[in-house]
Amino acid sequence: MIYAIASGKGGTGKTTVTASLAAVWDRPLTAVDLDVEEPNLHLFLNPTTEAETPALMETPVLDTERCTLCGQCAAFCQFKALSVMGKTLLVFQEMCHGCGGCLALCPEGALSPGGRELGRIVSGHFQAAGGAQAGFFMGRLRVGEAMSPPLMRQVKALLPKTADADILIDSPPGVSCPAVNAVMDADCIVLVTEPTPFGLHDLKLAVEAFRPLGKPLGVVVNRAGIGDEKVQQFCREQNLGVWAELPYSRAVAEAYARGEVAARVVPEMRTATLALMARMRDAAAASNSGEVHHA
Ligand code: SF4
Ligand code: SF4
């Protein structure tokens with residue numbers, strides 16, 4: 001099963017929840033950080049790195065000797081990455097989306113595939129529940145690179161088949177293209193929020209964005225008790241299950257500051273995380289068996 005931990009906004013504690021789940025997960029597991037613009041799950045899980053490889057995207061390289069400046073490639077490119085200017089064809093590498101269309105189209109064979117580095121893919125292992133070894137993958141976007149979904153797709157292509165191990169995804173925050181890309185293959189989505197007006201606002205956006213995917217959706221209210229009950233009220237109105245309420249705790253904040261996994265060092269977090277894990281598994285199993293899962 002694939003479980004995606006997401007949030008409508010940053011700073012809700014999404015990675016704290018993901019790391020805690022990874023630490024108590026008692027089945028074969030691969031944890032994945034797809035928050036490629038700002039990956040930080042590794043800071044908590046402290047994986048042993050086994051490989052770090054560049055992730056490349058195929059972009060066109062021009063052979064000026066062959067190019068007749070016919071302009072067909074520039075007319076085809078929807079992203080304006082190619083432009084005939086006077087007696088030359090300009091290739092704007094950073095604007096290319098790697099569709100490969102211009103390479104296939106050029107009648108002179110003047111374009112050949114080159115590689116733009118999107119970022120790096122790190123893989124390794126970390127110690128999960130009971131001392132078991134669990135897999136770890138992380139994408140890290142190159143500074144200045146604008147396109148994260150192609151890198152995320154390359155990370156996802158490396159993941160084991162879910163029959164071999166459950167997969168826990170730390171998704172990018174928000175509801176834009178990278179966030180949807182991270183959760184779209186999941187069997188279950190967990191939305192982490194906080195009981196504040198901002199948390200509620202962005203939770204509404206996340207529900208609006210992710211509910212049409214038709215996957216089991218549950219909410220974790222982090223730092224419960226610091227605000228009001230409007231998040232819980234919204235969840236009741238939307239028939240959304242609140243799968244965990246994690247109390248606002250100095251001990252959790254201190255664990256975070258030390259780079260420790262909260263569920264490993266704070267007993268209440270461990271208890272709440274185990275209960276959350278059970279709710280996630282029930283929801284995913286019910287959904288896969290065709291049952292409608294209600295909160
Ligand atoms: S399609 Fe080929 S020949 Fe025509 S402008 Fe582009 S690169 Fe040059
Ligand atoms: S590969 Fe696609 S996106 Fe990139 S320059 Fe060619 S047509 Fe444009």
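The structure holds two aromatic pairs, where rings of Phe, Tyr and Trp (its six-membered ring) pair if their centres lie within 6.5 Å, and where planes under 30 degrees apart count as stacked, over 60 as edge-to-face and the rest as tilted. One of these is the tilted pair of Phe 44 and Tyr 256, with 5.2 Å from centre to centre and 35° between the planes. Because Phe 44 belongs to helix H2 (residues 41-45) and Tyr 256 to helix H9, the pair ties together parts that are 212 residues apart in sequence. Helices (H or I, at least four residues) and strands (E, at least two) are DSSP runs, numbered from the N terminus. Phe 44, at 8% relative accessibility, counts as buried, whereas Tyr 256 is partly exposed, with a relative accessible area of 43%. Buried means under 20% relative accessible area, exposed over 50%, and partly exposed in between (1.4 Å probe, protein chains only).

This is a predicted model, in which local features need pLDDT of at least 70 and side-chain atom pairs count only at pLDDT 80 or more, while totals for chains, interfaces and linings use all residues. Residues are numbered from 1 along each chain as its sequence is written, chains are lettered from A and ligands numbered from 1 in the order in which they are written, and side-chain values use heavy atoms, with hydrogens and water left out.

The chain as a whole comes next. Eleven helices and eleven strands make up its list of such elements, and its C-alpha atoms fill a box of roughly 70 × 40 × 40 Å along the principal axes. Of its 295 residues, 49% count as buried. In helix H1, eleven of the eleven residues are buried, so this helix is largely enclosed by the rest of the structure; among them are Lys 14, Thr 16, Leu 21 and Val 24. Ala 6 is placed in strand S1 (residues 2-6) and is buried at 1% relative accessibility.

Helix H1 (14-24) also takes part in the largest pocket: this helix, strand S10 (217-224) and helix H9 (250-257) each supply at least two residues of the lining. On a 1 Å grid over the protein atoms alone, a pocket is an open set of points where a 1.4 Å probe fits, with protein on both sides within 12 Å along at least five of seven lines, and lining residues have an atom within 4 Å of a point. The volume of the largest pocket is about 440 Å³, a volume being the space filled by probe spheres set on the points, which are joined across faces, edges and corners. Of its 21 lining residues, Gly 11, Gly 13, Thr 16, Arg 223 and Tyr 256 lie nearest the centre. The lining has six nonpolar, ten polar and five charged residues; Ala, Val, Leu, Ile, Met, Phe, Trp, Tyr, Cys and Pro count as nonpolar, Asp, Glu, Lys and Arg as charged, and the others, Gly among them, as polar.

Two ligands remain to be described. Ligand 1 is surrounded by 13 residues, and the closest are Cys 67, Cys 70, Gly 71, Cys 73 and Cys 106; a residue is near a molecule if one of its heavy atoms lies within 4 Å of it. The shell of ligand 1 divides into ten nonpolar, two polar and one charged. Around ligand 2 are residues including Cys 77, Cys 96, Cys 99 and Cys 102, and its shell has nine nonpolar, three polar and no charged residues.
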